[in-house]
Amino acid sequence: MASATLAAPREGATKSSKRNVGWAWALPPVAALAVVFLYPLFLVVQQSLTPDTGGTSLTPYADVFASSAFREALGTTVWLAVGSTAGCLVLGFALALIVAFVPFPGAKAVARFIDVFLSFPSFLITLALLFVYGQVGMANGLWTDATGAATGPFQFLATPWGVLLAEITYFTPFVMRPLLAAFSGVDTAQLEVAASLGARPARIVRQVILPEALPALAAGGSLILVLCLNEFGIVLFTGAKGVTTLPTLVYSKAILESDYPGACVVAVVNVLVSVSLYGLYRVVSRRARS
């Protein structure tokens, strides 16, 4: 009885020491996160509440929210991000199916190239599209040489659709990589049994492969959504006239207009939109898996 009574405090002391050790290991990364991320974010929020006239006020928010440029940039940012995410999910799923389950020479080389593609900067892919489909690109050059026309027919890169194409081209491998990893764990015997029972390819994909792919689709889609919401290089290098997103609006206000409170307001809104849409996407994807 006495030994049991003595053992209880010892167990409590052991658990308490383990908690203290856990906190000791957790403090360095938490402190680094606070210095690197939370403190700069606090400064941005503070600057957004500090108008040029001094003091603390919501005037910068009122001025930014009242401008039509901000509302247009917000709508453009959201629809480009959602459209790019949807396009990447559809295209990435289709291409990953082909690479993983359709035997063809060079399939392993394609899978390795996807890993290399992930390291490319976004502006490099955009420049490649400009060389092919730009106003003075290869496609328009071939057209003008063949027809003698002054300009070629490919002018879409200077529109929102050009930005959408560039983002889908660049971010699709971010969906394919986790999908290929998920498909590598699919038991091919299940596919063979389903095919032997008369199931068509579309049904096999829908009932056997797609359930295995949903977690990877959710992970890749959530990543792409956040990246597209904050993409700056693609929009800048396409040179699309009239296409202003929240990141480019931050650049315009801070660098071109020297409106630092307004730039910080747009940056805060951009962070809130990113976190909100990411949370919404995670909720939808969790319900889809269940």
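**Briefing: an all-helix predicted model**

L95 counts as partly exposed because its relative accessibility is 32% (buried means under 20% relative accessible area, exposed over 50%, and partly exposed in between, with a 1.4 Å probe and protein chains only). The model is predicted, so local features need pLDDT of at least 70 and side-chain atom pairs count only at pLDDT 80 or more, while totals for chains, interfaces and linings use all residues. Residues are numbered from 1 along each chain as its sequence is written, and side-chain values use heavy atoms, with hydrogens and water left out.

**Overall make-up**
- The protein has 12 helices and zero strands (helices are DSSP runs of H or I with at least four residues, strands are runs of E with at least two, and both are numbered from the N terminus).
- From the N terminus on, the order of elements is therefore α-α-α-α-α-α-α-α-α-α-α-α.
- Of the 290 residues of the protein, 34% count as buried.
- Among contacts with a separation of 6 or more, 73% join residues 24 or more positions apart (a contact means heavy atoms within 4.5 Å).
- The protein exposes about 17000 Å², and carbon and sulfur atoms supply 69% of that area (areas come from the Shrake-Rupley method with a 1.4 Å probe, and for residues only the protein chains shown count as cover).

**Nonpolar core**
- The largest nonpolar core holds 57 residues (such a core is a set of buried Ala, Val, Leu, Ile, Met, Phe, Trp, Tyr and Cys residues joined through side-chain atoms within 4.5 Å), and F171, L179 and F183 have the most contacts inside it.
- Helix α7, residues 160–183, gives the most to this core, with 12 residues.
- Leaving aside neighbours within four places in sequence, F171 is in contact with C88, I224, L227, C228, E231 and I234.

- S84 is placed in helix α3, which covers residues 68–101.
- S84 counts as buried because its relative accessibility is 0%.
- A polar atom of the S84 side chain lies 2.7 Å from the backbone oxygen of L80 (a polar contact is a pair of N or O atoms within 3.5 Å; within protein, one must be able to donate a hydrogen and the other to accept it, and residues adjacent in sequence count only if both atoms are side-chain atoms).
- Not counting residues up to four places away in sequence, S84 touches L164, E167, I168 and C228.
- T76 also lies in helix α3, and it is buried, with a relative accessible area of 15%.
- The T76 side chain reaches the backbone oxygen of E72 at 2.8 Å.
- Beyond residues up to four places away in sequence, T76 touches V243, T244 and T245.

**Helix α3: surface patch**
- L91, L95, I98, V102, F104 and V110 make a nonpolar surface patch of about 420 Å² (patches are made of residues with over 30% relative accessible area and no salt bridge; like charges are joined within 9 Å, and nonpolar side chains, namely Val, Leu, Ile, Met, Phe, Trp and Tyr, within 5 Å).
- Helix α3 gives the most to this patch, with three residues, and L95 lies in that helix.

**Salt bridges**
- The whole structure contains two salt bridges (a side-chain nitrogen of Lys or Arg within 4 Å of a carboxyl oxygen of Asp or Glu).
- K253 pairs with E257, the closest N and O atoms being 3.9 Å apart.
- K253 also meets D259 in a salt bridge, at 3.8 Å from N to O.
- These salt bridges share partners and join K253, E257 and D259 into one network.
- K253 is buried, with a relative accessible area of 12%, whereas D259 counts as partly exposed at 22% relative accessibility.
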